[in-house]
Amino acid sequence: MDGRIEALREWGCSVDRALKRMLGDEAMYLEFLMEFTNEPAFDMLSVAIKEGKQKEAFENAHMLKGVIANLGLDPLYGEMYDITEALRGEGADMEAVREKYEEVAAAYANYVRIMGESA
């Protein structure tokens, strides 16, 4: 098994559930995981939050939450869930969302680091 898979498992990811969704195809799972290291929606979310564009931020956060759930990235899921819910509806506290985004960005950076490690 690939060392990155084990590192994700140790980080608290639901690797086995995600692999089941991928019909046990570890190579395909790793391909999706690697593609997610360059997900432009993270940058789009960051910009939307900085610019106070709540609707755009919500759409990006909601999409990311779904992808994160499918990949079994539980440590990221909880953070993205919180942002998505904070952005839902009108009149979100964008300062609180900005602070929460910093936690998401740190978790995502950890994920990218794990995926950058050798197999």
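Partly exposed describes a residue whose relative accessible area lies between the buried range, under 20%, and the exposed range, over 50%. The legends below describe close-up views of a predicted model. The structure holds eleven salt bridges, and a selection is presented here.

**View 1. Glutamate 6 and arginine 9 form a salt bridge.** The closest N and O atoms of the two residues are 2.5 Å apart. Both residues belong to helix 1 (residues 3–11), where three residues, about one turn of the helix, separate them. Glutamate 6 has a relative accessible area of 31% and is therefore partly exposed. Arginine 9, with a relative accessible area of 26%, is also partly exposed.

**View 2. Aspartate 82 and lysine 100 form a salt bridge.** In this pair, the closest N and O atoms are 3.2 Å apart. The pair links distant parts of the chain, since aspartate 82 lies in helix 6 (residues 74–87) and lysine 100 in helix 7 (residues 94–116), 18 residues apart. Aspartate 82 has a relative accessibility of 35%, so this residue counts as partly exposed.

**View 3. The side chains of glutamate 85 and arginine 88 meet in a salt bridge.** The N to O distance is 2.8 Å. Glutamate 85 counts as partly exposed because its relative accessibility is 30%. Arginine 88, at 40% relative accessibility, likewise counts as partly exposed.

**View 4. Glu79, Asp82, Lys100 and Glu103 are joined into one network.** Side chains of opposite charge can pair when their charged atoms come close.

Technical notes:
Residues are numbered from 1 along each chain as its sequence is written. This is a predicted model: local features need pLDDT of at least 70, side-chain atom pairs count only at pLDDT 80 or more; totals for chains, interfaces and linings use all residues. Side-chain values use heavy atoms; hydrogens and water are left out. A salt bridge is a side-chain nitrogen of Lys or Arg within 4 Å of a carboxyl oxygen of Asp or Glu. Helices (H or I, at least four residues) and strands (E, at least two) are DSSP runs, numbered from the N terminus. Buried means under 20% relative accessible area, exposed over 50%, partly exposed in between (1.4 Å probe, protein chains only).
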